[in-house]
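Work through the exercises below with the sequence and the coordinates at hand. Each task is followed by a stepwise solution.

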Amino acid sequence: ADRLLIRYENGALTVRPAQGDLVLGSATGAVRISAASDVTIEAKRDVSLRAPRHVDLSAGKSELLLDNRQIIADAETVDITAGTTRIAGEVAELAVDKLAMTAKEILSRAERWEVATDKAVLRSREMLHEVKGALSQRLGRFRGIVEQAYTLRSDRTDMRSKGDTAIDGKRVLLG
């Protein structure tokens, strides 16, 4: 009655209090659990790991480190599957050799958006650029190829060239 039960059956040692919690502790050192094969921790409700400095989980070459300032995941592959994934912070940096994205819809909002690249290729079935203010383009050279029709509408058009200006077509209609 209200005593600690220690049982050894079928090669397994069981330590179970009659009531309340089972606490393994050490007043002056660490608590270690060591096994020749696997260690399994099961709970009917929750499992919590807490430490004031850091928690280190590792399996082979993969490691997950949590401390009071950062989380470090080091593995050959990290897969995240979720209905909703949210990352919030002041600064986010991504440094990879290749980035591939696939999405049904991408929405991007920014006060300022800057892209710097050696070469850019953009392919689209349809595209709309809508600029409420002024659109400025600085180009070394410009070559446009339009397969069907080219239409330009403006209140006023000013075109200047330092050298020759050529307009070539079957008919050139002015006015």
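**Exercise 1.** How many bridges join β4 to β5, and do these strands run parallel or antiparallel?

Solution. First, the ground rules. This is a predicted model, where local features need pLDDT of at least 70, side-chain atom pairs count only at pLDDT 80 or more, and totals for chains, interfaces and linings use all residues. Residues are numbered from 1 along each chain as its sequence is written, and side-chain values use heavy atoms, without hydrogens and water.

Step 1. Strands are DSSP runs (E, at least two residues), numbered from the N terminus. Two strands pair if DSSP finds at least two bridges between them.
Step 2. β4 and β5 run antiparallel and are joined by four bridges.
Step 3. Glutamate 63 has aspartate 74 in β5 as its bridge partner. A hairpin of three residues links β4 to β5.

**Exercise 2.** Which strand order does the open sheet have, and which strands stand at its edges?

Step 1. β3 pairs with β4 (residues 62-67) in the antiparallel sense, over six bridges. Aspartate 56 partners leucine 65 in β4. Histidine 54 is opposite aspartate 67.
Step 2. The order is β3-β4-β5, an open antiparallel sheet of three strands.
Step 3. β3 (54-59) and β5 (71-74) are the edges: each has a single partner strand, so one side of each lacks a neighbour in the sheet.

**Exercise 3.** Where does asparagine 10 lie, and is asparagine 10 buried or exposed?

Step 1. Asparagine 10 sits in the loop between β1 (4-9) and β2 (12-17).
Step 2. Its relative accessibility is 85%, so asparagine 10 counts as exposed (over 50%; buried is under 20%, partly exposed in between; 1.4 Å probe, protein chains only).
Step 3. Its phi is positive, near 50°. Most residues other than glycine have a negative phi.
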